[in-house]
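Here is a short tour to read with the model open beside you.

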Amino acid sequence: MSERTFVGGIHPGYYKDFSSGKPIASARAPAQVIISLHQNIGAPCDPVVQVGDEVKMGQKIGEPKGFVSTPVFASVSGKVTKIEPFTHPLGNPLPAVFIENDGQDKPDEGMKPGKPLEELSAEEIKQIAKDFGLVGLGGATFPTHVKLSPPPEVKIDTVIINGAECEPFLTADHRQMLEQADDIVYGLKAFMKSLGATNGIIGVEDNKLDALASMNRAVAEGKGEYDIKVHALHTKYPQGAEKMLIKATTGREVPPGALPMAVNVVNQNGGTAVALAEAIKLGKPLYERIVTVTGPGIKEPANMMVRNGTMVKDLIEQCGGMTEDARKLILGGPMMGLAQATDEVPVIKGTSGVLILTEEFVKDLSIDPCIKCGKCIDVCPMALMPNFIGSASEKNKIEMAEKYGAMDCFECGCCTYTCPAKRPLVQWIRIAKGEIGARRKK
Amino acid sequence: MDKKLVVSSSPHLKSPENIHSIMVDVLVALFPVALMAVFLFGYRALATMVIATLVAMITEAIILRKGNLFGDGSAAVTGLLLAMVLPPAPPWWVVVIGSAVAVGIGKHLFGGIGNNIFNPALVGRAVLVVSWGAHVAGDVWMRPVPFNFTADIVTEATPLATKAASLLDLFIGTVSGSLGETSALALIIGGIWLYYRGHIDWRIPGAFIALVFVFGLFDGGFNMGLYHVLAGGVLLGALFMATDMVTSPVTSVGKLIFGGGCGLITMIIRLFGSYPEGVMFSILLMNSLTPIIDNLTLPKRFGEVKQKNA
C-alpha cells in the first residue's frame, strides 16, 4: 500500500472491471457529426466555415474568442450542412457546426509532422498546444496553453501527469497508460520543456498495477535527460483532483482560491500529454478522444477512440445498446459527471466517459434532516464543513455558506456520497457558489 | 428515444449507509448491554427495556402520524437508552412517562430528529429525577442476582456512594446501579462495535474517560482512578450518550473539548456536589454548548496556511 495520499476522501466501489480489460477500439465514423463551438472552460468559438463549405478532417472550423479559449476542428471530411444551436452536455442548446461525412477522411493540409521536440522552443510548444486546440482531457477542459503561460514571476519546477483516474467506472486513462505510455512520456517532456520545469511526475493509483508497470517501462526507455518519476498513489477518491494530486506527490498545498501555479506546479491529464505528443509528431489537432462507454446499463462496455461530434446515441448502439433496466445516462464519471436528459447529445473534448446506470443506482431517496454525524466533514478533502454550508444554502443564508467555505468546494461529491441522511449537499453548495459569485461581480 | 432518463445533480453514487442503518447499528451495540442487564436483574430489566422502547416508538408514531412503528429506528434507540439509565425495576408508569417525555419533549418539541439540543434519553431521565426522585434516585438500586430470572428485589446504594465494590465486580457488572451502566465489559463490547462501524469517534469517549481517570487519581490513587471510570455511568455516558451525533460537536477539536468538558463536570459533581453521580448533568450541560463549540473550532481549510518560503 502506497503512502502517497491526502486527508479525507472516500472508497466507493471501483466498478472498473466493466471496461478495464477492453483495448481501445475505433468507434464507427458517423454519417453526420455535430461539433459544438463550446468545448472548453472559458470563451466559446466563432465558426470560420459557412453552410455549404467542403471541409477536410482536421480543418479548423471554429476560431477562439479571447485568450482562455481553443479552436475546434472537423473530425470528418465532408460538407457543412447547418450551423445552429444543438443540445450540449451542459444542458442548454449551444451553437454547433453540422458536418455531413463523405466517408473519405480527406486530411487537412496542416496535418503533417513539424519539427521534433529537440528543435522546438518553449514558446513554439505553447503555440502548438494553442493552435491544435488542446484542453485538459480529464473532463475540466481547461485550455492547455493557458496552463503553459504562467506569469513571468512564477517559476514552474514540476509538471504532474494525472494518471490517478479516481472516478469509478472510467478506464480511458488506464487504457491509454497501457497502450500509449510512450506518447504520455513524450508529451510530459514537451510540457516540461515548455515550462522549463526540472521535475516530471506521473501519478497512478495503486489499483492499476499494470498501468504503473507500463509507465515505469516507458519512463525508463524514453525519459532521456529529463528527470521523470512514476509515483504509486493510494487508491482513494478524489486522488486525481488537482490539489489532492499535488499534495500526494509533492507535499505542497495549493492555497484556497489559488491555482497550482501558486506552488510552482502544473498538472496535466495523461490524455492531454498524448494529444500534445500527437500534435508535435503528426500535426494532428484535437478532433478525437478516448471515451469509456460503461456501466451496468450498457450491454457491451468498451473503450473507444471517438470523433468529436459523434452522437452519444451512436456510441451506445455500437456497444450493444442499453439494458432494459437502464435509467440514467451520465457524461463523465459517476461522482462528478453530468446526467443527461437525452442520448442525442454530441461527444465534446471533455467527454471522458458515457456511463449508463440502472434502476438500483437511481432509487428515489428521501432527504432526511442532518443528524450532525460529521461524516461529511471527515471525508471532505478540502477540510470544509459541507453539512453547515449545505444547510445554510438550503435556508438561503449565503453569507453563512461562504463563511463555512463554500467557495473552496470543488464539488467532488464525497460529502453527498457519504451522507446517511441522503442530503444533496453538493447541489446546495453549488447553488451557494453561484450566488456568492454573482454577488462578488456586483 | 423511448426510455425516460433520470436527471439529477452529481454525485450519482451514494453510500448504502442511512439513518436507519446507523440506528440499527446502535441497537446492535446495545444488545450485549441489554443481555447483561437481563442476566443480572432478571425479567424486571427486560420489562423496563420493552416498555421504554415501545412507548418511545408509539410516541414518535403518534407525533409524526405515521403507521410504521420502527420508522428510522431513532425512537427505539432513545427508548432503549432511557431504560439503560433507569433503575432496573422502577414502577411501570415511571418508565412510560420518562419515555414519552424523552421522545415528545426531548426530541420532537425541538423539531424532531437532528434538531434536538439535548440528548433525549437524558432529558427523560432528568425529568424523572426531579419529579419522581424517590423512584429513580437515592437507594432504589436493585442488587444483582446473576442468572436468576425472577429474583426478589433487594435495594441498596450504588457502589459510587459506597466506594466498596471490587474492580472485577465493576468490570463484569455484578454491582447495583442503573440497568445498563453496571457492566463495563458489555459497554466496551458495544463501544467497539460502534467504533468499528464508524459511528463514534475516539475523541469524545477518550477525553471524557481520561479526565475522569485523572481526577480519580487525586481522589485516591490509581485504583480510585479506575474505580471512577468503571463505577456509575461514565462508560455508558461516554460511549453511548455523549457520542450521540445530533447533540455533540462535529469538529475534531470540538469533540475533544466536549468530551473533556463532560469528564470535568462529572468529576466536579462527584467529588464536590450533593449527588453521588454527575454524568447526566455533565452531558446535558455540554449539549447546550455544542453549537458554540462547533463554531469556535472550525477546521483549518486545505492549504489555508501558506508556506512562508513558497
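## A residue to start with

In which loop of chain A is Ala383(A) found? Ala383(A) sits in the loop between helix H9 (375-379) and helix H10 (386-394) of chain A. Please keep in mind that this is a predicted model. Ala383(A) is not a glycine, yet its phi is positive, near 55°. With 19 other C-beta atoms within 10 Å, Ala383(A) counts as partly exposed, because a buried residue needs 20 or more.

Arg65(B) is exposed, with 6 other C-beta atoms within 10 Å.

## Domains of chain A

The domain assignment divides chain A into domain 1 (117-282) and domain 2 (375-441). The C-alpha centres of these two domains of chain A are 29 Å apart. Six residues from domain 1 and six residues from domain 2 make up the contact. On the domain 1 side, five of the residues are nonpolar, one is polar and none is charged.

## An enclosed helix in chain A

How many of the nine residues of helix H6 (residues 242-250) of chain A are buried? Nine of the nine are, so H6(A) is largely enclosed by the rest of the structure. The buried residues include Glu242(A), Lys243(A) and Lys247(A), along with Met244(A), Leu245(A) and Ile246(A).

In the loop between S11 and H6 of chain A you will find Pro238(A), and the peptide bond from Tyr237(A) to Pro238(A) is cis, with omega near -5°. Just after H6(A) comes Gly251(A), with a positive phi of about 80°.

## Two helix pairs

Two packed helices are described by the angle between their axes and the distance between the axes. In chain A, helix H4 (residues 181-195) and helix H7 (residues 270-282) pack at about 80°, with their axes 7 Å apart. H4(A) and H7(A) are therefore roughly perpendicular to each other. Among the residues in this contact are Ile184(A), Leu188(A) and Phe191(A) of H4(A), and Val274(A), Leu276(A) and Ile280(A) of H7(A). By class, the contact has 10 nonpolar, two polar and two charged residues.

In chain B, helix H1 (residues 19-41) meets helix H9 (residues 184-196) at an angle of about 170°, and their axes are 8 Å apart. That makes H1(B) roughly antiparallel to H9(B). In the segment before H1 of chain B lies Pro11(B), joined to Ser10(B) by a cis peptide bond with omega about -5°.

## Chain B as a whole

Chain B has 14 helices and two strands. Its C-alpha trace spans about 75 × 60 × 30 Å along the principal axes. For 310 residues, a compact globule would have a radius of gyration near 19 Å, and the 21 Å of chain B agrees with that. Buried residues make up 52% of chain B.

## Where the chains meet

The contact between the chains takes 34 residues from chain B and 53 residues from chain A. On the chain B side, 16 residues are nonpolar, 11 are polar and seven are charged.

Key: Residues are numbered from 1 along each chain as its sequence is written. Chains are lettered from A and ligands numbered from 1 in the order in which they are written. This is a predicted model: local features need pLDDT of at least 70, side-chain atom pairs count only at pLDDT 80 or more; totals for chains, interfaces and linings use all residues. Two residues are in contact if their C-beta atoms, placed from the backbone, lie within 7 Å. Ala, Val, Leu, Ile, Met, Phe, Trp, Tyr, Cys and Pro count as nonpolar, Asp, Glu, Lys and Arg as charged, and the others, Gly among them, as polar. Axes are lines fitted to C-alpha atoms, for helices over the stretch in contact, and angles run from 0 to 180 degrees between N-to-C directions. Helices (H or I, at least four residues) and strands (E, at least two) are DSSP runs, numbered from the N terminus. Angles under 35 degrees count as roughly parallel, over 145 as roughly antiparallel, 65 to 115 as roughly perpendicular and the rest as oblique. The radius of gyration is taken over C-alpha atoms; the globule rule is 2.2 Å times the number of residues to the power 0.38. A residue is buried if 20 or more other C-beta atoms lie within 10 Å of its own, exposed if 12 or fewer, and partly exposed in between; C-beta atoms are placed from the backbone. Domain bounds come from an automatic or database domain assignment.
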